[in-house]
Amino acid sequence: MEKDERKVKILIAKPGLDGHDRGAKVVARALRDSGFEVIYTGLHQSLDQIVHAAMEEDVDGIGLSILSGAHMYIFPTLIEKLKEQGLDDIVVFGGGIIPTDDIPKLKEAGVKQIFLPGTALEEIIEWVRENVKPRAVSL
Amino acid sequence: MGLVDQVLKGDKKAAARIMRLVEDDLPEAREALKRLYPYTGRAYIIGVTGPPGAGKSSLVDLLVEWFRKRGEGVGVVAVDPTSPFSGGAILGDRIRMQRHSTDPGVFIKSLATRGHLGGLSKATDDVIQVMDAMGKDVIMVETVGVGQDEVDIVKTADTTMLVTVPGLGDDIQAIKAGILEIADIFVVNKGDKPEADKTVRELEMMLDMSTPREDGWKPPIIKVSAVKGEGIEELMEALKTHRKFLETSGRFESYRKDRVVCTFENLLRDKLFQTAIAKLKGNGSYERLISEIFNKRKDPYSVVERLSCQCELESKRE
Ligand SMILES: Nc1nc2c(ncn2[C@@H]2O[C@H](COP(=O)(O)OP(=O)(O)O)[C@@H](O)[C@H]2O)c(=O)[nH]1
Ligand SMILES: [Mg+2]
C-alpha cells in the first residue's frame, strides 16, 4: 500500500425485495481483501436510498446484485437518478440473473459491466481495479 | 458557488466531497477546513463505543429518529477497522441506519481506520468539523472498542456512551480494565434478553467499587432494547442530563478548548517537522547529519538542540 495512494470506494447494494445477499457479500469480501473500501448497505434497498448512500459516502463505483428480473427497470432508473444528483461519474456495474440479450441494452443505458453467475471473483476484482478509479474532486 | 459555500448551506454532496479530500489527505482539504473553521464548535458530539455486535448501530439508528423528532439535524460517523492484510475494509454500519439516508437532515458517513491506532480514523475529527459546519446539531460517532487502547473517542466526544450486552463475561473484564473511567453513560443493550438484569447489576457493582470520578459525574446505567425500541426515552434523558452537567460545570466550553489545543499542537508538530526535514534535505545536510550521527562523530541530542536553536532565531512573533 502506497502512502499517498487514494483509496477506491465501492458501494455494494441489493435493491428490491428479492431473496438473499450471499453473492453480494462474497463480492464485498473479495473487494475488501483486494484493498478496496466497501460500503455495504444490505438487502431491500430503494434506489433513492442507494443514491443517497453513494452521495454521502462519496463512492467511486456502485455494484448491484439483482436476482429479481427487474434489472431493465432498476439499472436505467438508478443511472437516471445519479445523473439528477450530478453523480454520473460514478461507475455502475452489476451481477445476477440477467439474460445475455439484455446486456447490450443495459450498457447503452450506462451500465459499465454485467457479471453473470459463475464469473470468477478474480475476474470481477480485476475489472473493478481497471475500471473504477477515485473520482476527481475540486473545491 | 464552491464546495465550501455549499457545505455552509448544508449541502450533502458538497460535504461528502470535502470529506473525501480530508480522508485521502489531499492538499485542498486544508484549504477547505480553513474556510469552514469559523463555523465549527457548535455541535454536540456523542461517542458510542462498545464491542462488535453490541447493537451500537441499531441504537444510533433509534437515537437519530429521536433527535429528528425534536427537529435537530444529525450527523453520524461510523468507524470500522481497516484490514491490516489488504488495506481494504467492509463498512456495514449503514445497514442498520439506511432508512434515514434520504432524510435531508441526516448525514451518515462510514470511515475506515486506515491503519490509525486508537479506534478512530485520522480523518474523524476533520469529518466532524465538516458536519459541524454543515449545521448539524448532534453528531454521533460510532467506534468499535472495549479495551484500553481505544480511548480516542473520549477526547473527541462531549458525552461518551459505552454499549454493552448480556453474556459477554470476558468483555466485562475488559471494560473494567479500560473504559470504566471514561464512559459517561453505560448502556446495557439487548434488554429483551433475560440475562440483561444480571449485567446491569454487575455493572452497578463495578461502578460502586470504583473510585468516584474527579469531575463528580456519576455515570448512569440504562437498560435498553434497540430491537424493541425500549429504554430509548430514558437514554435520551440521560444524554440531556449529562449535557446539562457539562454546560453548568463549564466543561462543554473547556472540552472545546482542549480540542483546540490538541488540534493546534498536532498541526504545529507536523508542520515544524515537515519544514525542518524539507530544509535539511533541500540543502543536502540530511544525509550528512545521519551518517555523522551513525558514525558517532555527532550525537542526535546535540544536533536536534542546535537545529531547534536555529529555528527559534528565525521565528517571529505571530
Ligand atoms: N435481541 C436483540 N438483538 C439486538 C438488539 N440490538 C441489536 N441487536 C442485534 O445485534 C446485532 C448487531 O447489531 P449492530 O447494531 O450491528 O451492532 P454493532 O456491531 O454494535 O453496531 C444485529 O443482528 C442486531 O439485530 C437488541 O436490543 N436485542
Ligand atoms: Mg456497527
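Contact here means heavy atoms within 4.5 Å. By that rule, and leaving aside neighbours within four places in sequence, L59(B) is in contact with M161(B), V163(B), V187(B), N189(B), V224(B), A226(B), I232(B) and L235(B). The model is predicted: local features need pLDDT of at least 70, side-chain atom pairs count only at pLDDT 80 or more, and totals for chains, interfaces and linings use all residues. Residues are numbered from 1 along each chain as its sequence is written, chains are lettered from A and ligands numbered from 1 in the order in which they are written, and side-chain values use heavy atoms, with hydrogens and water left out.

L59(B) also belongs to the largest nonpolar core, which has 34 residues. Such a core is a set of buried Ala, Val, Leu, Ile, Met, Phe, Trp, Tyr and Cys residues joined through side-chain atoms within 4.5 Å. Buried means under 20% relative accessible area, exposed over 50%, and partly exposed in between (1.4 Å probe, protein chains only). Among the residues with the most contacts inside this core are I46(B), F67(B) and M140(B). Several elements give it two or more residues, including α4 (56–69) and β6 (159–164) of chain B. Helices (H or I, at least four residues) and strands (E, at least two) are DSSP runs, numbered from the N terminus. The most comes from α9(B), with 7 residues. Another core, of 33 residues, lies apart from it and includes V22(B) and V141(B).

The magnesium ion (ligand 2) is coordinated by S57(B) (OG), D93(B) (OD) and E142(B) (OE), at 2.1 to 2.2 Å. Donors are N, O and S atoms within 2.8 Å of the metal (3.2 Å for Na, K and Ca); water is not among the atoms, so sites may look incomplete. Along the chain, the donors follow the spacing S-x35-D-x48-E. D93(B) sits in the loop between β3 (89–91) and β4 (106–112) of chain B, while E142(B) lies in strand β5 (residues 138–144), 49 residues apart. D93(B) counts as buried because its relative accessibility is 10%. E142(B) is buried too, at 4%.

Chain B meets chain A through 35 residues of chain B and 37 residues of chain A. The area buried between them is about 3100 Å², of which carbon and sulfur atoms give 54%. Buried area is the accessible area (1.4 Å probe) that two parts lose on being put together, summed over both. R17(B), R20(B) and I90(B) supply 21% of the area that chain B buries against chain A. Across the interface there are 9 salt bridges, each a side-chain nitrogen of Lys or Arg within 4 Å of a carboxyl oxygen of Asp or Glu. One salt bridge joins K9(A) and E23(B) (2.4 Å, N to O).
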